[in-house]
Amino acid sequence: MEDFLKRNIGLVAHDANKKDLIEWCLWNSKKLIGHKFYSTGTTGHLILEALSKKHPEVEWDFTILNSGPLGGDQQMGSLIVAGSIDYLFFFTDPMTLQPHDSDVRALTRLCNVENIVVCCNRSTADHIISSPLFQDATYKQIKPDYSAYVHRFANQPLVEEAVESVNEKDEPADKDEEKAR
């Protein structure tokens, strides 16, 4: 594979969409060979089993995280923030309220913050994997610069004001303690 760039791919699916993601991975298995996968618990085990049956000669590189509702979504989010995920294929179930819905929203938000390609259904996944950019070894995603946000309090006296405010409130108590001695 000349000019091959190993992508770090996150795989997540709600229960009603697991079969769809497994089928999608099998259908696109030749394009997925050689990439690194991070997946939430049940989804990862099922996809790895299916890919291994279709391609027993391939040594698939999977890191399987906890189940989504048991912390796997947060683990995936941590990988996104650390820059370890290039693409997130997250097949969501729009018809069922998820008990960990806030985790789901947080994951998609982090993908937007970090400019990570994310898809939530098979149609979008088909477009992503068929894009010439998916296999283009020269394509690099632009990482946003949040340094201004990170340093937004750098030249503000916020800490000094807070300490002064607390010291002013503590002064009467200190005087009362001195009188009691």
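Visitor: In which helix does Val-150 lie?

Guide: Val-150 lies in helix 7, which covers residues 147-150. Helices here are DSSP runs of H or I with at least four residues, strands are runs of E with at least two, and both are numbered from the N terminus. This is a predicted model, in which local features need pLDDT of at least 70 and side-chain atom pairs count only at pLDDT 80 or more, while totals for chains, interfaces and linings use all residues. Residues are numbered from 1 along each chain as its sequence is written, and side-chain values use heavy atoms, with hydrogens and water left out.

Visitor: Why is Val-150 called exposed?

Guide: A residue is buried under 20% relative accessible area, exposed over 50%, and partly exposed in between, with a 1.4 Å probe and protein chains only as cover. Val-150 has a relative accessible area of 57%, so this residue counts as exposed.

Visitor: What makes the nonpolar surface patch of about 330 Å²?

Guide: Tyr-146, Tyr-149 and Val-150 make this patch. Patches consist of residues with over 30% relative accessible area and no salt bridge, where like charges are joined within 9 Å and nonpolar side chains (Val, Leu, Ile, Met, Phe, Trp, Tyr) within 5 Å. The areas themselves come from the Shrake-Rupley method with a 1.4 Å probe.

Visitor: Why is the contact between Lys-6 and Asp-61 called a salt bridge?

Guide: The term requires a side-chain nitrogen of Lys or Arg within 4 Å of a carboxyl oxygen of Asp or Glu. For Lys-6 and Asp-61 the N to O distance is 3.4 Å, so the pair meets the definition. This pair links distant parts of the chain, since Lys-6 is in the segment before strand 1 and Asp-61 is in strand 3, 55 residues apart. Lys-6, at 43% relative accessibility, is partly exposed, and Asp-61 is also partly exposed, at 28%.

Visitor: How many salt bridges does the structure hold?

Guide: The structure holds seven salt bridges. One of them joins Lys-19 and Glu-23 at 3.9 Å, N to O, and these two residues lie in helix 1, four residues apart, which is about one turn of the helix. Lys-19 is exposed at 59%, whereas Glu-23 is partly exposed at 33%. Lys-19 and Glu-23 also belong, with Asp-20 and Arg-122, to a network of salt bridges.

Visitor: What is the order of the five strands in the open sheet?

Guide: The order is 3-2-1-4-5, and the pairing is parallel. Strand 3 (61-64) and strand 5 (117-119) stand at the edges with a single partner strand each, so one side of each has no neighbour in the sheet. Neighbouring strands are turned by 20° against each other on average, direction ignored; axes are lines fitted to C-alpha atoms, for helices over the stretch in contact, and angles run from 0 to 180 degrees between N-to-C directions.

Visitor: How do you know that strand 1 and strand 4 pair?

Guide: Two strands pair if DSSP finds at least two bridges between them. Five bridges join strand 1 (residues 8-13) to strand 4 (residues 87-91), so these strands pair.

Visitor: What makes strand 4 mostly covered?

Guide: Five of the five residues of strand 4 are buried. Tyr-87, Phe-89 and Phe-91 are on one side, and Leu-88 and Phe-90 are on the other, so that both faces are covered.
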